[in-house]
Every structure is written in structure tokens, then in C-alpha cells.
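Q: Please take a close look at a single chain of the model shown here, and at how that chain is placed with its partner. I would like one connected account, with the cut-offs behind each term.

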Protein chains: 2
Amino acid sequence: MHITEEVKKRSKMVNGLAEELLPVAQPEELYLASRHLMEAGGKRLRPAMLILATEAVRGDVQKVLPAAFSIELIHNFTLIHDDIMDQDILRRGYPTVHLKWGLPAAILAGDTLYSKAIEILAGVDAPPDRVVRCLNILSKTCTEICEGQWMDMMFEGLPKVSEAEYMKMVKKKTGMLFAAAMSIGGILGGCDKKEAKALWEFGKTMGIAFQIRDDVLDLITPEEELGKDRGSDLMGGKKTLVRIHAFEKGIKLGHIKRGASKEDIDAAVQALHNAGSIDYAMEKAQQLVVQGKTKLDVLPDSRAKELLKELADYMVTRTY
Amino acid sequence: MHITEEVKKRSKMVNGLAEELLPVAQPEELYLASRHLMEAGGKRLRPAMLILATEAVRGDVQKVLPAAFSIELIHNFTLIHDDIMDQDILRRGYPTVHLKWGLPAAILAGDTLYSKAIEILAGVDAPPDRVVRCLNILSKTCTEICEGQWMDMMFEGLPKVSEAEYMKMVKKKTGMLFAAAMSIGGILGGCDKKEAKALWEFGKTMGIAFQIRDDVLDLITPEEELGKDRGSDLMGGKKTLVRIHAFEKGIKLGHIKRGASKEDIDAAVQALHNAGSIDYAMEKAQQLVVQGKTKLDVLPDSRAKELLKELADYMVTRTY
């Protein structure tokens, strides 16, 4: 079975929990707005990784499913709020929550997902000291996601950002939630501290590689596959690793406004190709994957461990 | 010592934790924005009540101080996001966070306070099963606050709202956090389930009475004392208990726009007075206070219990 099928198998277990853990309660529209992005799709990579982490430490998968669902809620909460901040209008091929329901509703929908995620994790069937550790990890993670999103937005207004600053930002914004998913899966599965740390490191590294690939896909993927505007990062002035490399090479992309023509976007992408910036970013992501996989050495050999390694490769080979 | 002095004594214990529990970390502006409203003031009623609940069950006050701080963070998180939704520009006499830092920053500042609150509560020095119960209560509370805020906004667009609907909304929007503060103070202080339930009920009732008084104060307090626009609820079309009573009496206030003149506001307030709507709301709040105080009967007599009763009276006598 291909790794994407393995992910799908696990994502189905998580999707099945929506009716029980996030029912459409009153006020109905609030819950419809909260569920909108989750129903629109998503790869469910984070919950799948949480489940794989539990499998890898021989924990009880059934018991951690609510935690996996909780991680996906946190992910969706950050997407709803980020879409407001980035003024994005499309996500997963659907209108963003603030476009469909308005700004106040989108703020509340995000806040509601956040609350539900904590509530669900606090209700997981595991020893209370382990639950508290997981809640600690998840809340710290959310703080770092806020810090990372802030940095990302600040960077848009700066003429120059270093690779080190980018790596710090992306670790917070994306790496931490993958790290949290892995370590929570391990901790609830009963692993020891050394394993939890290794799972956390693996997750963090995968998250960074995932984000670098995401930035590249934003440039090279046809719009109909992307589910949102192609080159939206270019238009937003986002400091991606690709752009940072190009800047250091002396490539001037000029100012690409929102609503720029397809031709302007194509020309900018071509310039980034020619400068070797896209290749550079992909090599960096590849290195992270190699490095991340070594963290799994502390785990006993298992099918789940192999799948995590395949998933690591998928982070940089995926086309959507 | 007057009850306000007793509250102040406890609020000082909580304020003293800001440097340790919410330091100005990086990115600095994110943390300055997050701390802005807390530094602008506030009565710290919720943390003071949490501490009094701990005292009333003879728990260790020093150990629950971080939880009290955490409750105040949740309160401030909701204020920051509510101010965006309600388009308010003044709070506690200072510009609101979104006015000073912009919309994206205000969303993130709120999210950060929320994360920090959970993190701090998860780190409280208490048996893990009690900590998990408290996190469960707090996260459920936050969901209900979102539901309440949603209802409050929806009500603005409705021609008529019943008193029962108002009571349900205000229980969620304001009552639940007072209830959470009281029960968390009790649970961390070591109380039994019956006491926790009574503290929760007391807190809920106090919160509703507090909100009714708040709505009245918005109408009758001079602007310089209020720290925000007088009659802002009238301008926003908020369905307060005062307004619902007036509507049932057949009083038509007409549409009071944002930026309405002082004369228009005065005339509307006078009409509400004449209809007996302000008196009606205050009587309702008074009844709630009487009813709420009986919930404390399950607790052993103590100085803290007496102070909680005094605080109950203060909910409806306070002038700011």
C-alpha cells in the first residue's frame, strides 16, 4: 500500500469522529463555520502522524483517536485565523471562512475549534499525568504558532530576511504542530521521555520540510490542483526560502501586487528557477528529511516506523 | 476592610505574576499587544473570586495564584476578540488592541493569551486529575463564551429577543467564566464534587448579575468614568435586558447610529428610565444575587464565605 493510502486509512478513523466530537450544536451557523474547512478536505497528515507515533510505541490506537482529531482542529483553527490575516479568499478550493461568514464569525469559528481541541484532549482516556503533559505541549505549541505567524507577517514588510530567521519562523509556524502531534501520539501511547523527545524532533523536522515543499508547490503547481491562487506567497511578499535564496543571489523580483497577471507570476517563477532558488529550497528540505529520519533510531523496528520513514520522504515528493 | 479593598489585595497577588507568567518575549510587539489591556486596568474580579473560592474551601492560595492569573488571561483574550467584532475603539480608557496594533495583531494577541492561559493552568501544582478537570471546565467554558458572543451578535440583527433568550446568551457569554473561576478555585483547593457544583452555580449567577449591571452602567455612567463611549450598547443595537423590557412595554427607541449625539443618547436613556426598564433590570440582578448567595450554604462558615457574599452584593451596587 502506498504511503498516501496508509495516511488515508488513518485519516478516515479521525474523520469518523466529527459527528461525535464536533457536532453541529447551537448556534448552528457557528458550528457550520467551524467545520467548513475540515469538510472542505485536507490531507490529515498531522493526525495520521499522531496515530503512527502511537503505533510505533505499541500504544492503543483507539484511545488516541480523539487526540488525533484534536490536533486537526488546532490545525484548522490556525488556518481560519491565518486566512483572515493573509486576506486569502480560497482554501482547499472553497471560499475561506471569513469570506463566507464574515470576519466576526471567522474569529469565533477559530476560537471555538481551539476550545474544542483542548476540551477533547483533556477528555482523552489516559493517565491524568500524561494528559496534562500533552496539554502542556499543545498549549506551548499554540503559543509558538502565534509567534511564528507574527514573524511571518513582519517578514513581509522587511526588505531582507536571513535563512536563519526563516528557519526559526517556520519551525514555530509549522514545525511545532507536527512535533506536538508526534510526541502526543507517543506520550499517550505510553512511551518514555527519550522516545517522546525523539518523536518530537522527528515531527519538528518533518514540519519544516513540509513547509518548504509547500512554499515550492505554491510556485510550481497549476491552480486547479492547488485549490488556491498560484503564486499567492509572491503576491503577499512572503519571505519563503526560495525568495530568500534568490535575494541573496541578487535576483530582483520587483513588487508583485495582489491580482497580478498569470504572465507576471510565470515570469517571476522562471526567474526563481533560473537562479536555482527552487532547487536550493528542495535540497534543503531533502536534507531535513534525511536528518529527521535518524531520530527514529531510538524506536524498536516496526511497520509503523517504516511508514513514518516513508511519510518523511513523502513530505518532499508530494505534489499537492 | 471594604470588599473592593479585599478584591484589590488579591488582584495584587495576581498582577505580580505577569513578569513571570507572561513576560515580554520575542516577538516583542506580540507580547506588548497581548499585555496591553491587562496593563490598562481591570477589576480582576474573576481571579479574586477564584482565590476566595480556594480560601473558602481552605485550600492553599499560593498554589492557585497561577490559575487565577490564567482566568484573567482568558477574560482578556475574549475582550480583545470581542472589541474587534464589536468595532469598539476604547476599553478601560485606552485604545483597543486592534486600533493600536491592527487587526492581524489583535487576532494573534488574543490567541496568544488563550494559549498562555491553558499552558499556565496545565502547569499548576496540583494532583493531575484535578488539573485535567479544571482544563476540561475552562475549555468548555471558552466554547460557551464563543456561543454566547455569537448569540449576542445575532441578536443585534433581530427585531425581538425574549428575556429567556437573553438569559441564555448572558449565561454563556459572562456567567460561565465566573462559574469556571469559582469551581476551579474550589477544585484546586481540594473541595469535593458537591462543593464544586455549588461554587460553579454561585459563580454563574454572579456573572449574569454582573452583566446586567454592566449593561445598566453603560447607560447611566458618565463617559469619563466609563472608560468607553457611553450608550455604546444602544448604538450597537445590543439586546440588553433593559432594552428587551422596554420593547415589551412598547417603547420604540428608533435606530441609534454609531456616533449618535449626546442628546440622542440622553433622550433614549430617559425613555428607558420612564418605562421602568432600568429599574426592572436592576431588580432582576438583585434577585439573582439573593438566589446565588444561597448556593454558598454548603460551605463551612468562614471569612472567605462572608466576603463572597459581600462580593455578590457588590455585583449590583458597583458604580464602575
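A: Pro27(B) is placed in the loop between α2 (18-21) and α3 (28-40) of chain B, where helices (H or I, at least four residues) and strands (E, at least two) are DSSP runs numbered from the N terminus. The peptide bond that leads from Gln26(B) into Pro27(B) is cis, with omega near -10 degrees. The model is a predicted one, in which local features need pLDDT of at least 70 and side-chain atom pairs count only at pLDDT 80 or more, while totals for chains, interfaces and linings use all residues. Residues are numbered from 1 along each chain as its sequence is written, and chains are lettered from A and ligands numbered from 1 in the order in which they are written.

In chain A, the bond from Gln26(A) to Pro27(A) is likewise cis, with omega near -5 degrees, and Pro27(A) lies in the loop between α2 (18-21) and α3 (28-40) of chain A. For background, most residues other than glycine have a negative phi, and most peptide bonds are trans. Arg44(B), which is not glycine, has a positive phi near 60 degrees, and its place is the loop between α3 and α4 (45-56) of chain B. Arg44(B) counts as buried because it has 24 C-beta neighbours inside 10 Å; a residue is buried if 20 or more other C-beta atoms, placed from the backbone, lie within 10 Å of its own, exposed if 12 or fewer, and partly exposed in between.

Across the interface, 34 residues of chain B are in contact with 34 residues of chain A, contact meaning that the C-beta atoms of two residues, placed from the backbone, lie within 7 Å. On the side of chain B that touches chain A, α5 (61-85), α7 (103-122) and α8 (128-156) each supply at least two residues, and the largest share, 17 residues, comes from α8(B). Because 100% of the interface residues of chain B are also interface residues in chain A, the copies meet through the same surface.

As for α8(B) itself, 21 of its 29 residues are buried, so this helix is largely enclosed by the rest of the structure. Its end C-alpha atoms are 42 Å apart, which agrees with the 42 Å that its 29 residues should span at 1.5 Å a residue, the expected span being 1.5 Å times one less than the number of residues.

In helix α7 of chain B lies Tyr114(B), a buried residue with 29 other C-beta atoms within 10 Å. Residues up to four places away in sequence aside, Tyr114(B) touches Tyr114(A), Ile74(B) and Phe77(B). The C-alpha atoms of Tyr114(B) and Trp200(B), 86 residues apart along the chain, are separated by 21 Å.
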